[in-house]
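Here are some notes to read alongside the model, for someone opening it for the first time. Have the structure on screen and go point by point.

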Amino acid sequence: MSQELIDDVVGREYEYGFVSDIDQELIAKGLSPDVIHFISNKKEEPEWMLEWRLKAYEQWLRMKHPHWSNVHFPPVDFQEIIYWAAPKKKPTLNSLDEVDPELLNTFKKLGIPLDEQKQLAGVAVDAVLDSVSVKTTFQKALAEKGVIFSSMSDAIKNHPDLVRKYLGSVVPVTDNFYAALNSAVFSDGSFVYVPKGVRCPMELSTYFRINAKNTGQFERTLIIADEGSYVSYLEGCTAPQRDENQLHAAVVELVAHAHAEIKYSTVQNWFPGDKDGNGGVYNFVTKRGLCEGAKSKISWTQVETGSAITWKYPSVVLKGDESVGEFYSVAVTANYQQADTGTKMTHIGKNTRSRIVSKGISAGKSQNSYRGLVRFNSKADNSRNYSQCDSLLIGDQCGAHTFPYLETANPTCTVEHEATTSKIGEDILFYCNQRGLDTEKAVALIVNGYAKEVLNNLPMEFAVEAQKLLAISLEGSVG
Amino acid sequence: MKPLLIIDQLRAGIEGREILKGISLTVNPGEVHAIMGPNGSGKSTLASVLSGRSEYEVISGSVTYNGEDLLEKAPEERAQAGVFQAFQYPVEIPGVSTANFVRTSLNAIRAARGEEPLDPSAFLMRMKERMALVELDPSFLQRSLNEGFSGGEKKRNEIFQMAMLEPTLAILDETDSGLDIDALRIVANGVNALRTPNNAMVVITHYQRLLNYIVPDVVHVLMDGQLVLSGNKDLALELEAKGYDWLRNDGVVA
Ligand SMILES: Nc1ncnc2c1ncn2[C@@H]1O[C@H](COP(=O)(O)OP(=O)(O)OP(=O)(O)O)[C@@H](O)[C@H]1O
Ligand SMILES: [Mg+2]
């Protein structure tokens, strides 16, 4: 990019209200080609990346905001959003005493170790505990196996061939309104490549990524599992994530080649808004996996407890013969939260199989919808889907909705669908009380029992934390 | 000997309707009291008020348990203090295994008393032993609580839980209803095995039959929200023979 242009943009700093202080660097509100140039330049991206972004921007301009989901919110003004914030440092505090007590309380309930609490809350941590050394050891182990695990920004610079080949190959730029927006302005995210025949020696999570910065509101992740490889990736953490950005629109793309397997687990706990429904993050995510090769497998597991509005459908395209797609989800809504989540399984190859287990939990005045599409293309001979969609209601002011869609162009395919709705009623709670459990413990016990099948799919450590998280997010929603 | 439970002139109801109209009853440690009475007379309501179900409001009177005011305690606090109710209609909890439910319950009660959780092997031993007491197959431990259990199995599961929690005061609400003869004997044997000089039981039943197995110290008749007559175990036989009408006509009920 030309220096002229930078000067041009930066030169208008005052006019457009550039804010620049020690901790952060912001750009003016709104989206324009200039802004995209600015972002790409800031990230020192190659020309092809800039062009890719600009093309996405043009496409986005021609698209309309989707209206079909079962969520309601005032229209988003895309010119009111700031599209670039340099990796924002959290304010550094001197001790845990300076941290919001409510946040600390939650940490304690989650059982997060003290050192980690400090790190999450932005308290300066002793040099000894600095996680850099942990990360370095971790990276060394990965390098020995040839696994690439870096930020997307680094990957664009260091592995341009891989990025160019796969970026947008699963979620095309024009896939939907928010995918197009993300493609134009994405900030950062993770990049993973697992070479042929390699079983990734550990669970990958951003925690172990060097230079894991606050990735901002437009996260972009790309994971490629080459033939016969295996990788398990963890996104998010159970600690509450507070963020000033109201809109989050991430894109995640997974590619599994023949005989490869990708397991992608998410715990989403963004700020859900307060008890009266004020504030909270809008989380509009596009996640899709491509089972490219024969006998490949992609499995999504998600525990969604945060955000004011969640709109998310991790999907699998089953292209390879005998490939397998799985979706395990627990979505909790309380207070005024709204969630519209589900999956799309597209069967293209022969003998492909998909399995959907969705567990919605609604409390308070919240609305929880499952939306799922299972599609069998004409060549998907003898393919099968199993779907189970359960709803659990706590109280009588919340709502649960299920929208299962089936499109089949092949008579040899079979679907099995089960759905249940249950309620944690007074009589069940009283029964538990009578056995010595207070109402909060009772809800935790019931909810964890209900969500067990999904939680069991999470890596062990995560599962224990997620259990506690479910209980915490429903605290105060009964009685 | 200090009484375990003193109910004094208890009046309680729901939605402005009075159901219990002045009940007084004293239960000493080691005793078994049977409460009989026609449908709708308030037997389950009495059980619910004692265990603290919030829909029922106490209008007046008092309940003292172990020298403390029972009515001011939350339901879970009553349970932690050793009050147990075997329900007439036990609920089903999908996804929560019987073993997990009982372990969570027992440990919550122990925690409230400042005791450590029972270690897993001791817990497992105790579960197997108490399962055998009510002749339930250990496979029930892995099944969701009461889900798909037959009526009789649910009742046996109530007694199993009682055996696990070792309450000081157990209120059994029609635990014998819907049981076949064998199950009745099994439940009664279970209950008898748990009798100690320190705990007490209030057994609500419609059938004298049960009282052949669980021999009560006192039998009470509850009619229209009042205890109208008390006697020894022979009273149950008399009720079986004569029904309740004579009590009404007798003018015992004012
Ligand atoms: N939750 C409630 N709402 C309204 N009425 C109630 C409620 N609980 C009890 N009652 C009424 O109070 C009266 C006593 O009911 P209760 O269940 O205590 O009787 P019971 O003696 O246990 O009868 P049964 O032998 O049939 O079990 C009945 O008329 C019943 O309809
Ligand atoms: Mg009754």
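1. Start with a pair of helices: H3(B) passes H4(B) in a right-handed crossing (right-handed if the near helix is turned clockwise from the far one by less than a right angle, left-handed if anticlockwise). H3 covers residues 98–112 of chain B and H4 covers residues 120–133 of chain B; they pack at an angle of about 120 degrees, with axes 12 Å apart. Helices (H or I, at least four residues) and strands (E, at least two) are DSSP runs, numbered from the N terminus. Axes are lines fitted to C-alpha atoms, for helices over the stretch in contact, with angles from 0 to 180 degrees between N-to-C directions.

2. Who touches whom here? On the H3(B) side look for Ala99(B), Val102(B), Arg103(B), Leu106(B) and Arg110(B), and on the H4(B) side for Phe123(B), Arg126(B) and Met127(B); contact means heavy atoms within 4.5 Å. That set splits into five nonpolar, no polar and three charged residues. Ala, Val, Leu, Ile, Met, Phe, Trp, Tyr, Cys and Pro count as nonpolar, Asp, Glu, Lys and Arg as charged, and the others, Gly among them, as polar.

3. A word on the basis of all this: the model is predicted, local features need pLDDT of at least 70, side-chain atom pairs count only at pLDDT 80 or more, and totals for chains, interfaces and linings use all residues. Residues are numbered from 1 along each chain as its sequence is written, chains are lettered from A and ligands numbered from 1 in the order in which they are written, and side-chain values use heavy atoms, leaving out hydrogens and water.

4. Glu135(B) is partly exposed at 46% relative accessible area (buried means under 20%, exposed over 50%, partly exposed in between, with a 1.4 Å probe and protein chains only).

5. Chain B also has an open sheet of six strands, ordered E6-E9-E10-E3-E11-E12, with mixed pairing; two strands pair if DSSP finds at least two bridges between them. E6 (83–86) and E12 (226–231) of chain B are the edges, each with a single partner strand, so one side of each has no neighbour in the sheet. At one end, E11 (residues 218–223) of chain B and E12(B) run antiparallel over five bridges, and Val219(B) faces Gly231(B).

6. Which protein atoms hold the magnesium ion (ligand 2)? They are OG of Ser44(B) and OE1 of Gln88(B), 2.0 to 2.3 Å away. Donors are N, O and S atoms within 2.8 Å of the metal (3.2 Å for Na, K and Ca); water is not among the atoms, so sites may look incomplete. Ser44(B) is partly exposed at 26%, while Gln88(B) counts as buried at 16%.

7. Over in chain A, seven of the eight residues of strand E10 (residues 261–268) are buried, so the strand is largely enclosed by the rest of the structure.

8. Finally, Gln302(A) lies in strand E12 of chain A and is buried, with 2% relative accessible area. Beyond its neighbours within four places in sequence, its contacts include Thr266(A), Phe327(A) and Val454(A).
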